[in-house]
Amino acid sequence: MELSELRQVLPAGEPAYRAEQVYRALYQQKIQDLVQISNLPGRVRLELAAQAELGLPVLDRRFESTDGTRRYLLSLADGKTVETVLMPEGDRDTVCVSSQVGCPVDCKFCMTALMGLERSLTAGEIVGQVLFVAHDNGLLEYGAGETRRFNIVMMGMGEPLLNLPNVLKAVRILCDPHGVGMTERRITLSTSGIIPKIEELGKAEVRPKLAISLNASTEEMRQQLMPITKKWHLKDLMEACRAYPLRPWEKLMFEYVLLGGVNDTDDDARRVAKLVANINCKVNLIALNPGPGIPYETPAPERVASFQEIVRRTVPCFIRRPRGLDIFAACGQLKRNNA
Ligand code: SAH
Ligand code: SF4
């Protein structure tokens, strides 16, 4: 529940700060049982218990990579499971959350696609993933000095823009200063490019930063690799990107998965540079993370470097270091693998 919803389920006549008290108890003091919110009158606790459920996802399994990455398999109330990843990094860790169980978008290079879609997640289940992983890693230690700052990326299982209302609600809950107190600048959402939803996202008052999975330099190749783009054309996508209302501090991010011998030539790089040239953006290159059922190969490091060099002449361009490859935690590998 957002704070505004919580206020409405409180018994009539209760002061407005009660809702904030509940938020502080749940998100900052990490209380997981209403009975333990000792500064809350009994009648309020009873009413809340009658109208709402409290709970986090439950740990099913946790996998540890040699590079420090942790992949969590978390169980939801209906028994479905979802994956969340923690990527430790110096003074700024990143939590990668899922927006759906599986994914309905059929990208040919992605293992999550092989699951199909089981269902979308609720806002509570998205927030719950962040809280579970944050608690497990001591990221929300209020009172013990400063809270460790971390980033959230909505780049786990699923297409977040096909679950936009719940995703936006989760972002609002996470950004509430009475609760976790995240900021929009530290949350990034990645999409395969659902054009009307990009426009809708741009209108949201509280919204994460936006990353677009470009993944091809021509319409034909993009349709081959990402069949959903037969509906959402590259030309229209680039137009939506140019029209996207970036905030003064914000750059659009483009992601590009490099598939050896398929979309990784210097000509591809030149076309990518041309596509994004007049957009305030940066490009992240991701060399394919391989896996069973994926019919592509990882390009040689020299190929990736050459691609980067060309794009870099036009816009900032980075190579995304794979995290947790050995435990199937890297981009495109989330498929509830039990290795
Ligand atoms: N569904 C959203 C967010 C999750 S995927 C999206 O597609 O944008 C996050 C990123 O991983 C995307 O940029 C996607 O293109 C990339 N990706 C998918 N499969 C991959 C693989 N096998 N290797 C490397 N990156 C991959
Ligand atoms: Fe879904 Fe993203 Fe994987 Fe495509 S790359 S199948 S949109 S999770």
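Guide: Helices, taken as DSSP runs of at least four residues, and strands, taken as runs of at least two, are numbered from the N terminus. The model we are looking at is a predicted one.

Visitor: How many helices and strands does the protein chain have?

Guide: Counted in that way, the secondary structure of the protein chain comes to 10 helices and 12 strands.

Visitor: What is the radius of gyration of the protein chain, against what the globule rule gives for 339 residues?

Guide: For 339 residues the globule rule gives 20 Å, and the value for the protein chain is close to that, so the chain is as compact as a globular protein of that length. The C-alpha trace spans about 70 × 45 × 40 Å along its principal axes, and the radius of gyration is 21 Å.

Visitor: Is helix 5 mostly covered or mostly uncovered, and how many of its residues are buried?

Guide: A residue counts as buried when its relative accessible area is under 20%, and buried residues make up 53% of the protein chain. In helix 5, which runs over residues 164–175, the buried residues include Leu164, Lys169 and Cys175, and they pack against several elements, among them helix 1, strand 7 and helix 6. Helix 5 is mostly covered, the buried count being 9 of its 12 residues.

Visitor: How many residues around ligand 2 are nonpolar, polar and charged?

Guide: The residues around ligand 2 are Cys103, Val105, Cys107, Cys110, Ala113, Gly158 and Ser192. With Gly counted as polar and Cys as nonpolar, this shell divides into 5 nonpolar, 2 polar and no charged.

Notes: Residues are numbered from 1 along each chain as its sequence is written. Chains are lettered from A and ligands numbered from 1 in the order in which they are written. This is a predicted model: local features need pLDDT of at least 70, side-chain atom pairs count only at pLDDT 80 or more; totals for chains, interfaces and linings use all residues. Side-chain values use heavy atoms; hydrogens and water are left out. A residue is near a molecule or strand if one of its heavy atoms lies within 4 Å of it. The radius of gyration is taken over C-alpha atoms; the globule rule is 2.2 Å times the number of residues to the power 0.38. Buried means under 20% relative accessible area, exposed over 50%, partly exposed in between (1.4 Å probe, protein chains only). The expected span of a helix is 1.5 Å times one less than its number of residues. Contact means heavy atoms within 4.5 Å.
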